[in-house]
2 protein chains.
Amino acid sequence: MADQQRADARRNYARILAVAEQEVAAHGADASLERIARVAGVGSATVRRHFPGRRALLRAVFAERIEALSARAAALTDAADPAAALRDWLAALTDYAASARGMADALAQDRLTEPEDVQSCAAKLAGALEPLVERAARAGAVTADVTAADLITLVTGIALATEHHPDPAAEAHRLLDLTWRGTGSAA
Amino acid sequence: MADQQRADARRNYARILAVAEQEVAAHGADASLERIARVAGVGSATVRRHFPGRRALLRAVFAERIEALSARAAALTDAADPAAALRDWLAALTDYAASARGMADALAQDRLTEPEDVQSCAAKLAGALEPLVERAARAGAVTADVTAADLITLVTGIALATEHHPDPAAEAHRLLDLTWRGTGSAA
DNA sequence: GTACGATACGGAGGCCCCCGCCAGTTAGCA
DNA sequence: TGCTAACTGGCGGGGGCCTCCGTATCGTAC
């Protein structure tokens, strides 16, 4: 499959992806595809060919981070304290979502595709997170009716809402803490 | 001030605002200003003159809702149960933010202006909410370190993250409930 | 080493959008 | 009624997204 791709195509793919990472980091989820093409030294049609739609490009840009987070979740599955493991992972996700511009948008928008879409960043993350949540639930450390998808949605929302803050990461972590403890519980 | 405005200017202002409400409801926060002008039967420059920037237009569009929510907060200040009053108000805000397309964006973007900006939708809401939060805090019904701004940010985030969901309102309310109770508390 | 078919490329054109400037027009006042 | 200033709408520039299509390049078979 990948070998049936021509060598120049693979070269361009890599070059575009590298530029896209920089541009998204600099300008967020609505970086200019045109500009990415220009900087990468390819025609705009080539960008569209490799990444049909902004969504696809964002997915590719964040694929590595998603992978890393999935791996982290897997590693945490055997941790001694299920509740702490879950919290740790959520904090890590918050870090990524709050600091990597565009990632929260990518996660939020991915949600409207079919939930079964294996390509979806959100679905992949939810799948990786599920075991952690189940373990925490069995230990009675989370409310019974919370799902992995819920948690990812909440973190995504926090990241989106704090994006325009000064020091978004700190604010996001504060709000995550609030969400975890519950705003309504008595002190 | 408002009387020094010419009659036709006021007419156009009202017409543009009415069209803008429909367009924003239909296409969300990034409705086309050009299109609004066309539908309203005025030049695009006229829209720009009355509402310098998309932000200003969104503020005007949602001003009534903001006003209504502020009034509601004032009315709830004397309610018997401070905790229930706060919850009710948050549910109302969630309703608005989740069903009125673009409102969540408006709130989130408003946050990056100076916090003291009285024109800011978010600031106005926070100001109206403050007494409710204080009363609930005094009654020990909320965690001590939560502020009105925090709560608005959380609801805004939930609305943003559930925007692309089927049935966003239901999902938003579910997540609000989760946030209120705390995801991490044991069942 | 060459010639051929398939594949990928990239520039041009269409369409839309936001923005700022302009002279014309109209409302309100004397 | 006539004047003045505020208000108006159209136009052009700059940019972005998307599609089409002729062309250059790659990989392979001879």
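Q: What makes the two copies meet through the same surface?
A: Look at which residues sit in the interface: 97% of the interface residues of chain B are also interface residues in chain A, so the copies use the same surface to meet. Keep in mind that this is a predicted model.

Q: How do you know how chain B is related to chain A?
A: Superpose them. Turning chain B by 179° with 0.0 Å of shift along the axis puts it on chain A, with an RMSD of 0.1 Å. The two copies are thus related as by a two-fold rotation axis.

Q: Which residue of chain B comes closest to the rotation axis?
A: That's Gly182(B), with its C-alpha at 1.6 Å from the axis. Gly182(B) also turns up among the contacts of Thr179(A).

Q: Why is Thr179(A) called buried?
A: Buried means under 20% relative accessible area. Thr179(A) has 4%, so it counts as buried. Thr179(A) is part of helix 9 of chain A. Leaving aside neighbours within four places in sequence, its contacts are Leu154(A) and Ile158(A) from chain A, plus Leu154(B), Thr179(B), Gly182(B) and Thr183(B) from chain B.

Q: Why are helix 4 and helix 6 of chain A called roughly perpendicular?
A: Two packed helices are described by the angle between their axes and the distance between the axes. Here the axes of helix 4 (residues 54-76) and helix 6 (residues 103-110) of chain A come within 10 Å and cross at roughly 105°. That makes helix 4 of chain A roughly perpendicular to helix 6 of chain A, since the label covers 65 to 115 degrees.

Q: Which residues meet where helix 4 of chain A meets helix 6 of chain A?
A: Helix 4 of chain A brings Arg55(A), Leu58(A), Arg59(A), Phe62(A), Arg65(A), Ile66(A) and Leu69(A). On the helix 6 side you'll find Met103(A), Ala106(A), Leu107(A), Gln109(A) and Asp110(A).

Q: How do you know whether Asp110(B) is buried or exposed?
A: The cut-off for buried is under 20%, and Asp110(B) comes in at 2% relative accessibility, so it counts as buried. Asp110(B) is in helix 6 of chain B. Not counting residues up to four places away in sequence, Asp110(B) touches Arg55(B), Arg59(B), Ser120(B), Cys121(B) and Ala122(B).

Q: What makes the span of helix 5 of chain B close to the expected one?
A: Helix 5 (residues 82-99) of chain B has 18 residues and reaches 26 Å from its first C-alpha to its last, and 26 Å is also what's expected at 1.5 Å a residue.

Q: How do you know that Asp81(B) caps helix 5 of chain B?
A: A side-chain oxygen of Asp81(B) lies 3.1 Å from the backbone nitrogen of Ala83(B), at the N-terminal end of the helix. The cut-off for a polar contact is 3.5 Å, so the pair qualifies.

Q: What do the buried residues of helix 5 of chain B pack against?
A: Helix 4 (54-76), helix 6 (103-110), helix 7 (121-138), helix 8 (148-161) and helix 9 (168-181) of chain B. Among those buried residues are Leu86(B), Trp89(B), Leu90(B) and Leu93(B).

Q: What makes the phi of Asp167(A) worth a look?
A: Most residues other than glycine have a negative phi. Asp167(A) isn't a glycine, yet its phi is positive, at about 50°. Asp167(A) lies in the loop between helix 8 (148-161) and helix 9 (168-181) of chain A. In chain B, Asp167(B) has a positive phi too, near 55°.

Q: Why is Asp167(A) called exposed?
A: Exposed means over 50%, and Asp167(A) has a relative accessible area of 51%, so it counts as exposed.

Q: Why is Glu134(A) called partly exposed?
A: The label sits between under 20% for buried and over 50% for exposed. Glu134(A), at 46% relative accessibility, therefore counts as partly exposed. Glu134(A) belongs to helix 7 (residues 121-138) of chain A.

Conventions:
Residues numbered from 1 in each chain as written. Chains lettered and ligands numbered in written order. Predicted model: local features only at pLDDT ≥ 70, side-chain atom pairs only at ≥ 80, totals over all residues. Heavy atoms only, no water. Helix = DSSP H or I, 4+ residues; strand = E, 2+ residues; numbered from the N terminus. Expected span 1.5 Å × (residues − 1). Buried < 20%, exposed > 50% of the residue type's maximum accessible area, 1.4 Å probe, protein only. Contact = heavy atoms within 4.5 Å. Polar contact = N/O pair within 3.5 Å; in protein donor to acceptor, adjacent residues only side chain to side chain. Least-squares fit on C-alpha atoms with pLDDT ≥ 70 in both. Axes fitted to C-alpha atoms, helices over the stretch in contact; angles between N-to-C directions. Parallel < 35°, antiparallel > 145°, perpendicular 65-115°, else oblique.
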